[in-house]
Each structure stands twice: as structure tokens, then as C-alpha cells.
Amino acid sequence: MSEKTNNQYEPKVVSIFSGCGGLDLGFHLEGYRTIWANDFAEWAVKSFRGYFGDVIKYGDITQIDPYTDKSIPDCDMVLGGFPCQDFSIIWKQPGLNGTRGGLFRHFAEFVDAKKPKAFVAENVKGLLTANGGKAIDTIIKDFESIAPGYVVKPHLYNFAEYGVPQFRERVLFVGIRIDTGFNFVHPKPSHGPNGALPYVTAGEALKGVENVPTNNEHINIKEKTRKMLEMIPEGGNFTDIPKDSPYYVKGMISHVYRRIKLDEPAKTLIAAGGGGTWGYHYPEPRPLTNRERARLQSFPDDFVFEGSVTEVRRQIGNAVPPEGVRAVARRLLPLFTGEYEPVDLTEEYELMKHMTVKQRLEYVTNQME
């Protein structure tokens with residue numbers, strides 16, 4: 001894994017919905033410094049604290065007021081992945097009508113209170129279609145309404161195209177304060193058919209992983225599960241088990257009993273669930289260890305996750321792969337160092353305010369360089 005880049009100025013980050021710190025780590029590796037963070041998951045907070053130091057506050061974000069809480073410092077950027085359960089395709093939850101969907105508004109309040117030069121927010125692909133597209137439209141409008149105005153550019157990333165050994169799609173919202181005059185454009189893919197470099201494969205990512213001493217426990221599985229896995233080829237899943245086999249199963253979704261394919265990125269890792277959802281090794285007939293999962297999420301080996309095996313799995317599966325956001329972090333750096341030619345963002349701001357979400361996404365994609 002890559003080492004941290006040294007920069008003369010370390011942009012200061014306030015991070016909320018921080019989880020174990022995957023998004024923060026991607027920016028940290030490009031020279032940013034998280035100075036205050038928050039999350040409600042106790043073990044994720046312990047993992048975050050173990051790597052970044054005692055900058056994270058464990059507690060309920062709904063009980064924190066960024067307008068009045070003097071312990072929250074001013075910052076250059078607000079960063080975070082507001083909870084995605086209500087927007088996820090897999091779990092089919094009710095979007096903005098759910099009890100968690102509205103939590104993104106706390107992110108908006110932090111931006112409003114701190115007026116950072118930029119913010120980066122992350123969410124799942126399902127947000128693009130949640131509530132018939134009303135969810136993402138509401139979110140964008142909330143962000144744009146924050147004075148003095150933010151140009152908001154959402155883009156759907158496949159992180160495998162940015163050096164992560166895993167096909168993983170997530171939406172990143174990048175907001176630029178209009179008075180900075182910083183013309184942000186999302187970076188083009190660096191890997192895969194649309195990039196200059198080949199994908200980083202699961203086989204490459206897992207080389208030597210057996211020598212890592214932390215979070216590498218093997219999980220006990222039933223003999224039945226082992227026999228099922230032996231029938232599934234590299235890159236296959238439960239559908240490869242013959243229908244006349246006593247181990248045949250049906251009516252499941254594609255990630256069940258899925259084995260890695262060594263010469264391509266892994267399929268998306270998920271955070272929780274039983275019934276064969278762990279993600280499985282090849283050639284060994286067993287579940288992936290958490291350290292293997294961390295490698296496929298592009299975490300460095302010195303990032304130690306705290307908690308039980310199940311809890312660590314949840315942290316890793318919920319995290320943003322740090323390598324995947326480094327290109328965005330690099331693209332934003334000139335905003336904080338002052339090494340850019342300011343432009344008038346007013347026209348673009350007004351233009352984008354009148355776009356549909358589909359038009360905005362197409363506009364942002366066409367800008368990429």
C-alpha cells in the first residue's frame with residue numbers, strides 16, 4: 001500500500017459518520033489531517049482512534065450541534081459517508097422516508113456551520129434511484145442552499161477504476177464553495193479499460209497476506225459449506241452447484257457463496273449477513289479472513305481493526321476503500337494550497353441548479369479529465 005504524501009500544507013478535515021476511517025485514510029495519505037471526527041459505532045471509533053489518534057468523539061450525531069459546540073474546530077473540509085441503509089439496493093429500505101435517511105441533513109448542518117472551502121460526501125449507488133430520484137435531488141438542493149453557495153458535483157465511482165482490487169460502486173458528492181473560484185472536475189479512471197493501468201487484481205492484493213498478524217483469524221465453517229465451496233469454481237457462486245447435488249441451493253442473490261477470481265478485482269464485499277455472504281477464498285475452500293477483506297478494500301496492513309470477527313467484518317464492509325478516493329483528494333489539493341487560477345463559478349452554479357439529476361450527472365462526467 002502507498003505511503004502518505006508529504007505536502008507543505010495539511011488541509012484540516014472535520015469528519016462525521018466516520019466509521020473506522022476509510023474515507024479519512026484516503027485523504028490522510030494525500031497529506032490531509034483529520035482534526036475532529038464523530039461516529040456512533042463504538043468499535044469503529046476504537047479502530048479509528050488506534051490509527052488517527054484521539055481526535056474522534058464517540059456519540060450520537062443528532063445530539064451534537066455544530067453551531068454551538070465550541071469543541072468542534074474550524075476546518076478546510078467536511079468529510080463523511082452519511083448512513084446509506086435507507087438507500088441501499090440490497091436492503092430495499094425506504095429512502096428519505098426512513099428513520100436514517102434524513103441523517104444526511106446533519107452533514108449539511110456541519111457544512112453550514114463551518115463553511116469549509118469544500119466537502120466530500122459518500123453514499124451507495126442506490127441513492128441515485130431512491131424514492132424515484134427524489135432523494136438525491138433533495139440532497140443536492142440542500143447542499144446548494146448553504147450560504148454563500150456550493151457548486152455540487154456528484155459522480156458514480158467504480159473504485160476498481162482507481163486502483164482498488166474490488167469492483168465497488170459509490171456516489172461521491174464534491175461541493176466547492178462558490179467564492180473560492182476553484183474549478184473542480186472529477187478525475188478520470190486510472191485503471192481498467194478506461195485507464196492507463198490494468199486493474200489491481202484480487203490475486204495481487206492477497207499476496208503475502210497470510211503473514212499479517214492482525215485481523216487474520218480463519219473462520220470455522222461447517223463441513224457442508226466446505227463441500228459446497230469445493231463444487232464452486234474460481235469466480236463462481238452458488239449457481240455452479242449441480243442441481244442434482246444434495247448441496248444444491250436456490251433462490252439466492254449473486255453474492256452468496258461467491259469465490260474470488262484471482263485475475264480480476266473482487267466483487268463488492270458486504271458488511272453483514274449470513275447464509276454464505278462472507279466472500280470466499282480460492283483455491284482454499286473457506287471464507288475470506290478479515291485481513292484479506294481489508295486488503296481487497298485497500299487498507300494497509302498496519303491498520304488494526306478492533307472488535308470481534310463479526311464486528312470487524314462490519315467495519316471493513318461499511319468502509320470507503322481509501323485507495324479509491326486518493327485521486328479526488330489530489331485533485332482538491334490546489335484549493336487549499338492556493339495553487340490555482342480562480343474562475344467565476346456563478347454561471348456554472350446557476351446552470352447546474354436548473355439541471356435534472358440525470359443532466360447533472362452527465363454534465364459532470366463530460367467534464368472529467
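How many cavities of 30 Å³ or more does a search of the whole structure find?

Author: The model is predicted, so to speak of local features requires pLDDT of at least 70, and side-chain atom pairs count only at pLDDT 80 or more, whereas totals for chains, interfaces and linings use all residues. Residues are numbered from 1 along each chain as its sequence is written, and side-chain values use heavy atoms, without hydrogens and water.

The search finds 1 cavity of 30 Å³ or more; a cavity is a set of points, on a 1 Å grid over the protein atoms alone, where a 1.4 Å probe fits but cannot get out. The lining (residues with an atom within 4 Å of a point) has 19 residues, with Arg 258, Lys 267, Thr 268, Leu 269 and Gly 279 nearest the centre.

The largest nonpolar core comprises 34 residues. Such a core is a set of buried Ala, Val, Leu, Ile, Met, Phe, Trp, Tyr and Cys residues joined through side-chain atoms within 4.5 Å, buried meaning under 20% relative accessible area with a 1.4 Å probe and protein chains only. Among the residues with the most contacts inside this core are Phe 27, Ile 176 and Leu 332. Ile 176 touches (heavy atoms within 4.5 Å) Phe 182, Phe 184, Leu 332 and Leu 335, among others, not counting residues up to four places away in sequence. A second, separate core of 32 residues includes Cys 75, Ala 108, Ala 121 and Phe 143. Cys 75 is buried, with a relative accessible area of 12%.

Note on methods
On a 1 Å grid over the protein atoms alone, a cavity is a set of points where a 1.4 Å probe fits but cannot get out, and a pocket is an open set with protein on both sides within 12 Å along at least five of seven lines; lining residues have an atom within 4 Å of a point. Grid points are joined across faces, edges and corners, and a volume is the space filled by probe spheres set on the points. Buried means under 20% relative accessible area, exposed over 50%, partly exposed in between (1.4 Å probe, protein chains only).
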